[in-house]
Amino acid sequence: MRLLRLISGRLLSMVGTLLVISLITYLVFVLLPGDPAQLSCGRPCTPQRLAEARAFMGYDQPWWQQYLAFLGGLFAGRTFGSGAAAVHCAAPCFGYSFQLNESVTQLIVNRIPVTFSIAIGAAVLWLILGVGAGVVSAVRRGSAMDRAAMTFSTVGVSAPSYLLGLLGILLFGFTLNMVPVNGYVALTEDPVGWLWHLVLPWCVLALIHAAIYARLTRGQMLEVLGEDYIRTARAKGLRERKVVGRHALRNVLIPVITVFGIDLGSLLGGAVITERVFSMPGLGALLLDAVGNVDLPLIVGVTLFSAFLIILANFLVDLIYNVVDPRVAR
Amino acid sequence: MTVSSTEPHLTKATRSPLLAVAGLAVSFEVDGETHQAVHDASFELHRGQVLALVGESGSGKSVTAMATLGLLPATARVSGSITLAGTELIGAEPRLLREVRGGRIGTIFQEPMTALNPVFTIGDQIAEAIRAHRPVRRAAAAAQVLELLGTVGLDDPSRVARSYPHELSGGQLQRAMISMAISCDPVLLIADEPTTALDVTVQAGILDLLRDLRKRLDMAVLLITHDMGVVADVADTVVVLRDGQIVEQATAAQLFSAPRHEYTRTLLHAVPRLPELRLAEPGTPQPPEPQPLDPTLPPPVVQLRNVVVEYPGRRRGHPVRAVDDVCLHIDQGEMVALVGESGSGKSTIGRALAGLLPTTSGTVTVAGVEVGRATRRELRNFRSQLGIVFQDPASSLNPRRTVGASIAEPLSLHTDLSPDAQRRRVDELLEAVELPSRLHDRHPHEMSGGQRQRVAIARAIALNPALLIADEPTSALDVSVQARILDLLLALQRQIGFSCLFISHDLAVVEQLADRVAVLHRGRVVEEGPVQTVLRAPRHPYTARLLAAAPVADPTRQALRREAWRQLTLASP
């Protein structure tokens, strides 16, 4: 019951946040130079054809009406033009790319498996690596292991992902010839190929993030290990493994979860650089192409979708918080 | 051990001791320097006995206890011997130490709120302690938890077991901690400042429970405390520590009646004393009447009329009334004490006086300014008439500012003294609080707790305030330091003549210091009057209970007070 009230309350505020974000994104879109109608009207572009294109795309309306039409499209779908040339964009319609002749929603859906495969695999890997390294470093503070892990994490934090990606391709792809260097194979088509294509991007992303998580976990763990309840746990005769793994870790994870939610959310919106380096057709690559082609409806749609993912991730973090930390529960 | 043979428990001394500490030395390596925390400590503890390790902060009492559990940090060097029923604990195998911890030795700590893990239920944590030592199933452990929680006098054990630490009060938590400590029938209970973080009435209950458990379970108790009243209440023998060295050990009766060592005498002397308790006949307590003000006298510096302060509650529409219809006045040059337990609203009143908190209704007038109606500018002016000293100087002084800068801050905010004049004034103030002027450029972390509190006082009186609010100014300090800070406050008050609102939970301190006292209970003033009257012959039953619960540093008198407390608690729990 309590959880239900909490969820409904959070969902409501999520919708509010999304509305604000959509408005801002749309305003930026209106203010940006570049006219989609102009781009699609072809050559020679007579004023009459331009006007027609405008009317077709709905750009002849004042901006706020365009925005309302966009919002309406999200919930009810919308139709551009009329008669035989009409294009329908089904709900939830994130807009329509006239350059690609495809609804933005469909374009995003096509790319989701790629990006989600990259992001989720990497996230699992970096959580295990980062939290594991952080815990070991904290418990064996000052040891060679701790120093090695922290040196490594400094490198990881400061290394740009394209550099790590390219080095990885060079070493494991070309020199050792262990993994394919680019492209994506669907999981449903060829699970082994899927795995082989993803191993390298996973490792690159995981290493970079694990570095941050190792530092965060280590710092948090050192603090928690100094808490009174850790002394209590030891004083009641628990094994050190249980003291660290049960009493300390649960408290350490609370702040880690917050950061994880945001990281995973933003990565699901597209690992722009990693996708480009490994030539993976994900959301990040889609966005990058859209920017290159000044495909404004696509830019707005993908941006909004990414924002939605981040907000969703935060919402999930809040829910997990309620389970992990009883003090938050009200 | 040199203990007189007239003591009854000495017959047990012929048996081998349960805990024998011999030549214990503990040192820490800090930044290449060796710091000796305990030197050559030896004492013995027998079954069924309570031995108190007494000392001020840094005396090595907690270190000794942690050495017994083998829980000192890795940087500690330990030598000597600690045996529990003949088994050597120093340098013992981790496996053996784990069996001892929680199995043969139960432990409770000072702050029950932080000593329990916030993310697990009480029941979980106690069951875990049982299952660490006994091969019992989950369900059996859960049943045992309920039984244990009942044993330590907690109502509704199943609700407590389901609760998380933040859902319970300090007293409930400490009882839960005790039930965890005794879950595996230990032969020894280590109680490290078990009641320091608790209110006196709660403390009396916990001490009563400890005494009762010791008798019922026939275990020994190693009590670590700084509070001589607590020692007088429960200890059989006392070991006094100073700077890691044992200066005296004796039976409690001997120690309090004829302390041999100079340090013990100083320590006992520094403990503020409560007057003999004279309980009035249980009659109808009279509510405090607002006295009509004499128009010929100067108006009081502080005037509270029917003040109510409410905090928004957890659920909407249920505000928490922290201060409930309080009337109070402080005359010029008068020192009025607000006494009460945690949650009684005493600090809230202090904050409302300073205009740091809006009142829900009623009026607060300080130095002619009605705080609730004052404009921003008036409030700023009014605050220059006000000095505040908080409980913990370590956190109320900015750690990155020098002492001089901290004291000078009110001067640069409210006066236009030149930097040179400011510096001279700061030196004057340092002298007034009896600190050498060379501390001017030091930072708070380079000073002791007492010195820091002196700095906080110097800052509070920098502008010659009309009113000084002192919110538990000595609660974080050792008794000997406390005595000196209280003397200083009194001297300054006489010298400068400010009015003072002294907020405290410690009745003995109040008795030493204040002219008048107001006793707060659940946001209401239940009794108010001259200190001598209220503390000697309380009329309200709550005041009587509060007084009877405060332990005094005298075993014989304490035994009488304990009996009085029991009677009062039975009469109105």
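Analyst: A residue counts as buried if 20 or more other C-beta atoms lie within 10 Å of its own, as exposed if 12 or fewer do, and as partly exposed in between, with C-beta atoms placed from the backbone. This is a predicted model, in which local features need pLDDT of at least 70, side-chain atom pairs count only at pLDDT 80 or more, and totals for chains, interfaces and linings use all residues. Residues are numbered from 1 along each chain as its sequence is written, while chains are lettered from A and ligands numbered from 1 in the order in which they are written.

User: What makes helix α21 of chain B largely enclosed by the rest of the structure?

Analyst: Helix α21(B) runs over residues 541-549, and eight of these nine residues are buried, so the rest of the structure largely encloses it. (A helix is a DSSP run of H or I with at least four residues, a strand a run of E with at least two, and both are numbered from the N terminus.) The buried residues are B:Tyr542, B:Thr543, B:Ala544, B:Arg545, B:Leu546, B:Leu547, B:Ala548 and B:Ala549. Their cover includes the chain B helices α8 (200-217), α19 (507-513), α20 (531-536) and α22 (555-571), along with the strands β19 (516-521) and β20 (524-530).

User: Why is A:Ala186 called partly exposed?

Analyst: A:Ala186 has 13 other C-beta atoms within 10 Å, so it is partly exposed. This residue sits in the loop between α7 (161-175) and α8 (191-225) of chain A. Apart from neighbours within four places in sequence, A:Ala186 is in contact with A:Pro113 and A:Trp194; contact means that C-beta atoms, placed from the backbone, lie within 7 Å. A:Pro113 is 73 residues away along the chain, with 7.8 Å between the two C-alpha atoms.

User: What elements make up chain B, and why is it called as compact as a globular protein of its length?

Analyst: Chain B has 22 helices and 20 strands. Its radius of gyration is 26 Å, close to the 25 Å of the globule rule for 573 residues, so chain B is as compact as a globular protein of that length. (The radius is taken over C-alpha atoms, and the rule is 2.2 Å times the number of residues to the power 0.38.) Of its 573 residues, 48% count as buried. The C-alpha trace of chain B spans about 75 × 55 × 50 Å along its principal axes.

User: How do you know how confident the predictor is in chain B?

Analyst: From pLDDT, the predictor's confidence in each residue, from 0 to 100. Chain B averages 88, and 93% of its residues score at least 70. Residues 1-13 of chain B are below 50, and beyond near neighbours in sequence this stretch has 15 contacts in the model. Where pLDDT is low, the predicted coordinates should not be read in detail.

User: How do you know where the domains of chain A lie, and what joins them?

Analyst: Domain bounds come from an automatic or database domain assignment. For chain A this gives domain 1 (2-103) and domain 2 (105-324). Their C-alpha centres lie 33 Å apart. The contact takes 25 residues from domain 1 of chain A and 21 residues from domain 2 of chain A. On the domain 1 side, α1 (2-31), α2, β3 (96-97) and β4 (102-103) of chain A each supply at least two residues, and α1(A) has the largest share, 11 residues. By class, that side has 15 nonpolar, eight polar and two charged residues. (Ala, Val, Leu, Ile, Met, Phe, Trp, Tyr, Cys and Pro count as nonpolar, Asp, Glu, Lys and Arg as charged, and the others, Gly among them, as polar.)

User: How many residues of chain A are in contact with chain B, and what classes do they fall into?

Analyst: 19 residues of chain A are in contact with 23 residues of chain B. On the chain A side, α9 (228-235) and α10 (240-268) each supply at least two residues, and α9(A) gives the most, six residues. This side has five nonpolar, four polar and 10 charged residues. For the complex, the predictor gives an ipTM of 0.81 and a pTM of 0.82.

Methods
Contact = placed C-beta atoms within 7 Å.
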